[in-house]
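Student: I would like to learn how to read a structure like this one. Could we go through it feature by feature?

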There are 2 protein chains.
Amino acid sequence: MPGARPLRADARRNRELVLDAARSAFAAQGLSVPLDEIARRAGVGPGTLYRHFPTKESLIEAVVNDQLRRLSGEGAALRDAADPGEAFFGFLNRIAAEAAPKRDLVDALASAGVAVGPAVTAAAEDLRAEIAWLLARAQRVGAVRNDIGAGELTAVLSGLLFSMRSRPDTDQALVLSVFTDGLRPRTPYF
Amino acid sequence: MPGARPLRADARRNRELVLDAARSAFAAQGLSVPLDEIARRAGVGPGTLYRHFPTKESLIEAVVNDQLRRLSGEGAALRDAADPGEAFFGFLNRIAAEAAPKRDLVDALASAGVAVGPAVTAAAEDLRAEIAWLLARAQRVGAVRNDIGAGELTAVLSGLLFSMRSRPDTDQALVLSVFTDGLRPRTPYF
DNA sequence: CTATAATCGGAGACAGCGCCCCGGTTAGAT
DNA sequence: ATCTAACCGGGGCGCTGTCTCCGATTATAG
């Protein structure tokens with residue numbers, strides 16, 4: 001219902017302040033950050049925060065869901081890409097780059113730490129399905145080892161995201177390449 | 001002081017009951033399990049638990065530290081193994097197998113979730129150093145790609161351990177092989 | 001068997017966090 | 001300018017989890 005009632009100017013402003021504060025706090029410290037801290041960062045009272053987002057879950061949803069959906073959209077757009085292998089590995093790169101500085105995305109996708117609501121779970125599931133689709137297509141042309149299934153890829157992906165949480169003095173591109181190389185077709189080693 | 005005073009028979013028995021309960025609870029649910037739950041499982045009161053382990057950290061230490069130390073010892077024993085590559089990958093396998101059913105080990109090694117004391121951190125650091133040693137030796141003989149350093153390996157290892165937390169219907173050996181393959185020397189792909 | 005000292009375990013203090021309510025204030029329409 | 005309805009925010013409740021105290025109980029020595 002878009003025309004329910006236009007939000008009052010200050011209410012809209014405060015809502016954005018809260019969302020901005022939540023985005024940066026969640027990204028920096030993960031989903032377990034207290035709501036009071038977000039309210040403090042936003043410069044509003046806890047009561048105001050609660051009015052806009054009745055439960056913590058709804059705030060998480062507002063912050064994380066569109067990030068997940070945007071990624072899912074990018075994945076869907078790659079379904080017909082010319083090179084299936086490039087599409088798959090490029091998408092993996094994209095997700096890693098997006099999630100590396102955002103602990104909340106890692107929490108949501110890897111189901112780590114904080115319990116998350118059904119809406120976020122569903123969005124994460126959509127993203128996983130998108131990856132699985134690209135995986136199957138890349139396997140069909142021999143760009144990815146074909147002995148792994150969607151479940152194994154999910155496990156590897158959660159590990160990949162988690163490893164991005166490490167200290168910033170590690171070369172993240174190098175770490176990522178370990179994962180991508182491991183997913184390539186197995187060649188015999190002598 | 002070993003001869004301070006022999007623990008009374010029932011006290012020693014209860015201490016073991018608590019340790020057993022903590023081991024299985026930590027393994028099943030991770031380090032964040034409440035102490036009351038451990039006391040309940042052990043069939044003792046919370047007061048009794050506290051007498052033996054004044055702080056949660058001390059209980060975690062008692063449970064996790066010797067597991068870490070045992071692994072470090074196994075790593076040290078492999079320093080002079082005939083095949084450096086086999087030693088490195090075998091040790092990685094060993095750690096993964098040990099940590100797969102034990103969420104507490106993952107928590108401790110990957111610094112995930114619960115904050116852990118300095119003693120456990122130090123033990124984890126020792127284990128990481130052992131792995132780094134084996135890594136360097138394996139790299140010297142060309143069994144492992146030599147563009148990654150100890151920091152990158154730590155990141156990959158934390159990802160590996162975390163990925164072992166996934167649903168049991170995934171083939172963990174397959175997931176592990178993705179990591180090991182990714183660590184092997186890079187071969188050109190066409 | 002008795003005495004003594006240690007252990008047991010339930011009840012509760014204390015802190016952190018999510019969630020909620022109400023008096024004062026301000027935006028927006030008439 | 002005035003009025004009304006919505007918003008602001010500080011204080012508070014309840015829950016959960018760690019840690020503590022103390023009366024009842026039980027193991028060991030003489």
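Tutor: Bear in mind from the start that this is a predicted model.

Student: What elements does chain A have, and in what order do they run?

Tutor: Chain A has 9 helices and 0 strands. Read from the N terminus, its elements are α-α-α-α-α-α-α-α-α. The C-alpha trace of chain A spans about 65 × 40 × 25 Å along its principal axes. Of the 190 residues in chain A, 42% are buried.

Student: How do I read the packing of two helices, say α4(A) and α7(A)?

Tutor: Start with a general point about helices. An α-helix has 3.6 residues a turn, so residues three or four places apart point the same way. Then look at the axes. Helix α4 (residues 56-77) and helix α7 (residues 118-140), both of chain A, have axes that come within 9 Å and cross at roughly 15 degrees. Angles under 35 degrees count as roughly parallel, which makes α4(A) roughly parallel to α7(A). The crossing is left-handed. On the α4(A) side the contact includes I60(A), V64(A), L68(A) and L71(A), and on the α7(A) side it includes V120(A), L127(A), I131(A) and L134(A). By class, the residues of this contact are 12 nonpolar, 3 polar and 4 charged.

Student: Is helix α6(A) mostly covered or mostly open, and which elements do its buried residues pack against?

Tutor: Count the buried residues of the helix. Helix α6 (residues 103-110) of chain A is mostly covered, with 8 of its 8 residues buried. Among them are R103(A), D104(A) and D107(A), as well as L105(A), V106(A) and L109(A). These buried residues pack against α1, α4, α5 (84-99), α7 and α8 of chain A, together with α8 of chain B. Just after α6(A) comes S111(A), with a positive phi of about 55 degrees.

Student: How many residues of chain A are in contact with chain B, and which element gives the largest share?

Tutor: In general, the size of an interface is often given as the accessible area lost when the parts come together. Here we can count residues: 31 of chain A are in contact with 31 of chain B. On the side of chain A that touches chain B, α8 and α9 (172-183) each supply at least two residues. The largest share, 10 residues, comes from α8(A). That side of chain A has 13 nonpolar, 10 polar and 8 charged residues.

Student: At what angle do α8(A) and α8(B) cross?

Tutor: Helix α8 (residues 150-163) of chain A and helix α8 (residues 150-163) of chain B cross at roughly 140 degrees, and their axes come within 7 Å. That angle makes α8(A) oblique to α8(B). The crossing of α8(A) and α8(B) is right-handed. Residues including A155(A), G159(A) and F162(A) in α8(A) meet residues including A155(B), G159(B) and F162(B) in α8(B). The residues of this contact divide into 8 nonpolar, 6 polar and no charged.

Student: Which residues are closest to DNA strand C, and which element gives the most to the surface there?

Tutor: DNA strand C is surrounded by 23 residues, and the closest are A9(A), G47(A), N14(B), G45(B) and G47(B). Two or more residues each come from α1 (9-29), α2 (35-42) and α3 (46-52) of chain A, and from α1 (9-29) and α3 (46-52) of chain B. The most, 4 residues, come from α3(B). By class, the surface near DNA strand C has 10 nonpolar, 6 polar and 7 charged residues.

Terms used. Residues numbered from 1 in each chain as written. Chains lettered and ligands numbered in written order. Predicted model: local features only at pLDDT ≥ 70, side-chain atom pairs only at ≥ 80, totals over all residues. Near = placed C-beta within 6 Å. Nonpolar A, V, L, I, M, F, W, Y, C, P; charged D, E, K, R; others polar. Axes fitted to C-alpha atoms, helices over the stretch in contact; angles between N-to-C directions. Parallel < 35°, antiparallel > 145°, perpendicular 65-115°, else oblique. Left-handed = near helix turned anticlockwise from the far one by under 90°. Contact = placed C-beta atoms within 7 Å. Buried ≥ 20, exposed ≤ 12 C-beta atoms within 10 Å, placed from the backbone.
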